[in-house]
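Me: I would like to go through the terms used for this structure and see what each one rests on. Please set the values against the cut-offs.

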Amino acid sequence: MIEINIQKPLIGAHGTMNLDVELQIAEGDFVALAGESGSGKTTLLRILAGLEEADGKICVEDNIWLSTTRSVSPQLREIGFVFQDYALFTNMSVEQNLLFVNKDHVLAKQLLEMTGLTSLRDRLPQTLSGGQKQRVSLCRALMNRPKLLLMDEPLSALDPAMRTKLQHEILKLHKVFGTTTIMVSHDPSEIYRLSNRVIILEHGEIKADGAPKEVLLQMQGSQKFSFAGELLEVRKVDVIYTAVIAIGQQLVEVVIDAKQAKTLQIGQKVQVSTKAFTPIIS
């Protein structure tokens, strides 16, 4: 069991705020942290890792990592951290990156085999693709068999096909090692596929906490769905107007009326929703 009760003043996306999080995480859980940029997700990970200071308490399996009288150093917190930018040692081979953490050759071999990296064990990181680098980063994070694995948007820089492939590998590793995991992600499909619990942060506080289906599929009024996106183009086709909107990795085209065509602005953040199967944007 991991007990977290921390507070820290921050400068967020909407000005000053206080990161105030109290929660418990069961051993072996895969928790997704979601919310707008600047809501405190990455800061929470860094506090758990001991990379940032905060007030409060962190207790992992009866071991106090943070209290009013002590703060355990990152090296002693038994964590694995997977960064968005890989953070690999460029002068070391794939295998050497793993063995630098722990000289357990058997574990290194197992991890390389599970992630399809065995044939690349002697390659340097700069010769690898983004997906291969992230596999190495994930393997390295597991080399100490951490009590807590932290991942900060580990797949955000990859194309959709590679993201899906690595999501399956992350899930496979999680099932084999059973490591309690907290991952920051903005991708609903990724959250739904990987996690068994979702925590939504808003202005430093927990807005929602529950199973992915409960949190991600919440109905808003009588709407059947609602997605946030960016308006890319408004154009007239014969007698109707259409809006092209980017939602995640996809583009959608929605019919709008003449009044909306005049008031909407390119680059604007919009909501695409539907009532009675008729998409509208707002």
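This is a predicted model: local features need pLDDT of at least 70, side-chain atom pairs count only at pLDDT 80 or more; totals for chains, interfaces and linings use all residues.

Me: Why does Leu 155 count as buried?

Reply: Buried means under 20% relative accessible area. Leu 155 has a relative accessibility of 0%, so it counts as buried.

Me: Which residues does Leu 155 touch, leaving out those up to four places away in sequence?

Reply: Contact requires heavy atoms within 4.5 Å. On that basis Leu 155 touches Gln 134, Arg 163, Leu 166, Gln 167, Ile 170 and Glu 190. As for C-alpha distances, Leu 155 is 6.9 Å from Gln 84, although 71 residues separate the two in sequence.

Me: What makes H4 largely enclosed by the rest of the structure?

Reply: Of the 13 residues of H4, 10 are buried, so the helix is largely enclosed. Among them are Gln 134, Arg 135, Val 136 and Leu 138. The buried residues of H4 pack against the strands E6 and E7 and the helices H2, H3 and H5.

Me: How do you know that the length of H4 is close to the expected one?

Reply: From its first C-alpha to its last, H4 (residues 130-142) reaches 19 Å, and 18 Å is expected at 1.5 Å a residue.

Me: Which residues make the contact of H2 with H3, and how do they divide into nonpolar, polar and charged?

Reply: From H2 come Val 94, Leu 98 and Leu 99, and from H3 come His 105, Ala 108 and Leu 112. Five of these residues are nonpolar, one is polar and none is charged.

Me: What is the arrangement of H3 and H5?

Reply: Their axes are 11 Å apart and the packing angle is about 145°. Leu 107, Gln 110, Leu 111 and Met 114 in H3 meet Lys 172, Leu 173, Val 176 and Phe 177 in H5. The contact residues divide into six nonpolar, one polar and one charged.

Me: How do you know that H1 is mostly covered?

Reply: Seven of the nine residues of H1 (residues 41-49) are buried. They include Leu 44, Leu 45, Ile 47 and Leu 48. Gly 50, which follows H1, has a positive phi near 85°.

Conventions
Residues are numbered from 1 along each chain as its sequence is written. Side-chain values use heavy atoms; hydrogens and water are left out. Helices (H or I, at least four residues) and strands (E, at least two) are DSSP runs, numbered from the N terminus. Ala, Val, Leu, Ile, Met, Phe, Trp, Tyr, Cys and Pro count as nonpolar, Asp, Glu, Lys and Arg as charged, and the others, Gly among them, as polar. The expected span of a helix is 1.5 Å times one less than its number of residues. Buried means under 20% relative accessible area, exposed over 50%, partly exposed in between (1.4 Å probe, protein chains only). Axes are lines fitted to C-alpha atoms, for helices over the stretch in contact, and angles run from 0 to 180 degrees between N-to-C directions.
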